[in-house]
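Here is a short briefing on one protein chain. Look at the fold first, then at selected side-chain pairs and residues.

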Amino acid sequence: MLTKKQLDLLKFIHTRVQKDGVTPSFDEMKDALDLRSKSGIHRLITALEERGFIQRLAHRARAIEIVKLPDAIDGGVVPKPSGFSPKVIDGDKTDPPRSAMPVSDIHAMELPVMGRIAAGTPIEAISEVSSHVAVPGSMLAGNGHHYALEVKGDSMIDAGINDGDVVVIREQNTAENGDIVVALVEDAEATLKRFRRHGSSIALEPANVNYETRVLPDNMVKVQGRLVGLIRSY
């Protein structure tokens, strides 16, 4: 038997996961239930977990899985979610893989997050794994190697890429005009921009009117990969 607050919270979590594919934050839960502090949410979450209605997934931010529902909610049946919204996993492995690994329990793939990529003024090239992220297998393009990068800056905001987003990149050294790519400039700086070739020159176009397009000789630009997906945490 659930209390009214426990049932209200379970309904709220269930509705948000089915609608957005992401678990609401504790602040959103607190506001939805009109509680004064998040400590009350912690107690309700613990109670729901102890009663077997939800399961908290280790090492993932805001990752709560609904295990079962009371008959009062959708007849007690937990529908399969229409999509999966992955979260960053703490990078505590001693030998992180360079390519994707299967994560069978969530039908996703685990990718290394290779640090930050500038969506603004280029920053130093990234080559070290900082953490890991689980992404839906459907987001990965073909059988190539993939990796992820955290976006820093707002120069691609009009393309829907915000500061703090995690972008999924397919590793490749070619691009078509209009592709959003990871570009290595002069073997020293990496940036995320839209790719355009004009004869022997490469234009790296931002998606923000406050930034200018950079036009460089093609021998100064190396394509490191193409954007195939984006992950956003709330």
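Residues 24 or more positions apart account for 57% of the contacts with a separation of 6 or more in the protein chain, a contact being heavy atoms within 4.5 Å. This is a predicted model: local features need pLDDT of at least 70, side-chain atom pairs count only at pLDDT 80 or more, and totals for chains, interfaces and linings use all residues. Residues are numbered from 1 along each chain as its sequence is written, and side-chain values use heavy atoms, with hydrogens and water left out.

**Overall fold**

- The protein chain has 3 helices and 14 strands. Helices (H or I, at least four residues) and strands (E, at least two) are DSSP runs, numbered from the N terminus.
- Of the 234 residues in the protein chain, 41% are buried. Buried means under 20% relative accessible area, exposed means over 50%, and partly exposed is in between (1.4 Å probe, protein chains only).

**Salt bridges**

- The count comes to 5 salt bridges. The rule asks for a side-chain nitrogen of Lys or Arg within 4 Å of a carboxyl oxygen of Asp or Glu.
- One of them joins Glu 28 and Arg 16, at 3.4 Å from N to O. Glu 28 is in helix α2 (residues 26-32) and Arg 16 in helix α1 (residues 4-20), so this pair links distant parts of the chain, 12 residues apart. Glu 28 is partly exposed at 28% relative accessible area. Arg 16 counts as buried at 16%.
- Asp 31 forms a salt bridge with Lys 30, and their closest N and O atoms are 3.3 Å apart. Asp 31 is exposed, with a relative accessible area of 55%. Lys 30 is buried, with 16%.
- Arg 197 and Asp 218 also meet in a salt bridge through their side chains (3.4 Å, N to O). Arg 197 lies in strand β11 (residues 189-198), and Asp 218 lies in the loop between β13 (214-217) and β14 (221-231), so the pair ties together parts 21 residues apart in sequence. Arg 197 is partly exposed at 41% relative accessible area. Asp 218 counts as partly exposed at 31%.

**Aromatic rings**

- The structure holds 0 aromatic pairs. Rings of Phe, Tyr and Trp (its six-membered ring) pair if their centres lie within 6.5 Å; planes under 30 degrees apart count as stacked, over 60 as edge-to-face and the rest as tilted.
- Lys 68 lies over the face of Phe 53, at 4.9 Å from the ring centre. A charge sits over a ring if NZ of Lys or CZ of Arg is within 6 Å of the ring centre and within 35 degrees of the ring normal.

- Asp 34 is not a glycine, yet has a positive phi of about 60°. Asp 34 is placed in the loop between α2 and α3 (38-50). Asp 34 is exposed, with a relative accessible area of 69%.
- Val 167 is placed in strand β9 (residues 166-170). Val 167 is buried, with a relative accessible area of 0%.
- Beyond its neighbours within four places in sequence, Val 167 has contacts that include Ile 117, Tyr 147, Leu 192 and Leu 227. Val 167 and Glu 150 are 17 residues apart in sequence, and 6.4 Å apart in space from C-alpha to C-alpha.
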